[in-house]
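Open the model in your viewer and keep the selection tool at hand. The tour goes from stop to stop, saying what to select and what is there.

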Amino acid sequence: MKLTCDAELRPYNSFGVAARAACLAEIHAGEDLEQAIELADSRDLPLLLLGGGTNVLFAGDFPGMVLLMRNRGIEIDRESGLVRIAAGENWHELVQICLENGLYGLENLALIPGSAGAAPVQNIGAYGVELESYFIELELFDCADGSRRVMSREDCGFSYRDSVLKQPRSQPQVVCSLTLQLSREPAPNMSYPALAEELKGIAGEPAPQDIFEAVCRIRRRKLPDPAKIGNAGSFFKNPVISQEEFEQLRNRFCSPPSFPAKTGVKVPAGWLLDQCGFKGYRKGAAGVSEHHALVLINRGGATGKELHQLAMKMRDRAFAEFGITLEPEVRIIGANL
Ligand code: EPU
């Protein structure tokens, strides 16, 4: 285990904001976790789990120990289509490796930044596919009592960008690895309108590689590359509103975009924020993408506090304008407003 005291967190969050942690432990093997937790216990430090740091905003420092998951390894069984992935693997590389091995299903989830271990925590989803459709089980380490256990799909309680692992706890639960069941037969999913549109030039049924490339093209057009412009993708979840609320929206705007949801109508938060005039908004170095009103960006040198203040202003404005409460998708750490 590599341990750093008074660690700078800028390299470990895709917003690229400066923040410090009392301690940072790089976890490469199972034993590293036990060792790190013992140390944190002895110094009375709270724990914070980080994978790729692509869905977190440090609005302030973290006065505890950050556990940085860096364990690697992918085991592929081409016959059964089962794939076991260590939590520290990069998600997009995994999607590519599965494709190269003739195992399909993850193409729509190409180019999602972050680590494989974080994927089940928020049930990552894009372009008509959610992780839960391919999920079999994960191995969990519970920092509260040092126990390990296996969790099935049912145990994880997946829903839209959510699982039981996302619930706040006094001590984190660490995903050490996950197992997915992929398909040996291409299983194209083109249900998402923007993806179908992107693929309409292809004669016949698109191959998994076509879908992979189309998703990469759409994402590159719409979403800033975190390696170049600090961001964490969608900042808020898309809210689900009642049919009556949706009718009110429809009276104001002739055809607001919407998707059916289990408990009502899902309206894109990006569209709501666009109506509020936030696309391309700037406040110092903190701002909003010119291409997508749901994506907060760090234009260089913005503080986490500035980005957080901007996010809260956007939330308040959307509420004042539409009476709809936006819930952050990004995990906010050290907020003290
Ligand atoms: N829209 C606007 N203005 C904007 C942004 C969007 O009018 O500034 C409209 C679009 O025209 C479209 C609708 O809103 O009609 C939906 O936009 P988009 O297709 O970009 O999808 P989204 O709902 O904003 C969700 C996920 C993304 C995922 C895409 C594709 C959430 C919160 N976000 O975005 O996930 O890539 O669908 O499936 O569910 C992420 O989680 O970080 C993320 C990027």
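Select helix H7 (269-275), which gives the largest share of the shell around the ligand, 3 residues. Helices here are DSSP runs of H or I with at least four residues, strands are runs of E with at least two, and both are numbered from the N terminus. This is a predicted model, in which local features need pLDDT of at least 70 and side-chain atom pairs count only at pLDDT 80 or more, while totals for chains, interfaces and linings use all residues. Residues are numbered from 1 along each chain as its sequence is written, and side-chain values use heavy atoms, leaving out hydrogens and water.

Of the 23 residues around the ligand (a heavy atom within 4 Å), Tyr127, Tyr160, Tyr192, Asp274 and His292 come nearest. In Arg219, a side-chain N or O atom is 3.3 Å from a ligand oxygen. For Ser234, select the backbone: a polar atom there is 2.9 Å from an oxygen of the ligand. Taken alone the ligand exposes 830 Å², and the protein buries 82% of that (Shrake-Rupley method, 1.4 Å probe).

Lys266 lies over the face of the Tyr160 ring, at 3.4 Å from the ring centre (the rule asks for NZ of Lys or CZ of Arg within 6 Å of the centre and within 35 degrees of the ring normal).

Next come the aromatic pairs. Rings of Phe, Tyr and Trp (its six-membered ring) pair if their centres lie within 6.5 Å; planes under 30 degrees apart count as stacked, over 60 as edge-to-face and the rest as tilted. This rule gives 9 aromatic pairs. Select Phe15 and Phe235: their centres are 6.3 Å apart and their planes are at 55 degrees, so the pair is tilted. Phe15 lies in the loop between strand S1 (2-8) and strand S2 (20-27), and Phe235 in the loop between strand S13 (230-231) and strand S14 (240-241), so the pair ties together parts 220 residues apart in sequence. Is Phe15 buried or exposed? At 1% relative accessibility, Phe15 counts as buried (under 20%; exposed is over 50%, partly exposed in between, with a 1.4 Å probe and protein chains only).

Key: Polar contact = N/O pair within 3.5 Å; in protein donor to acceptor, adjacent residues only side chain to side chain.
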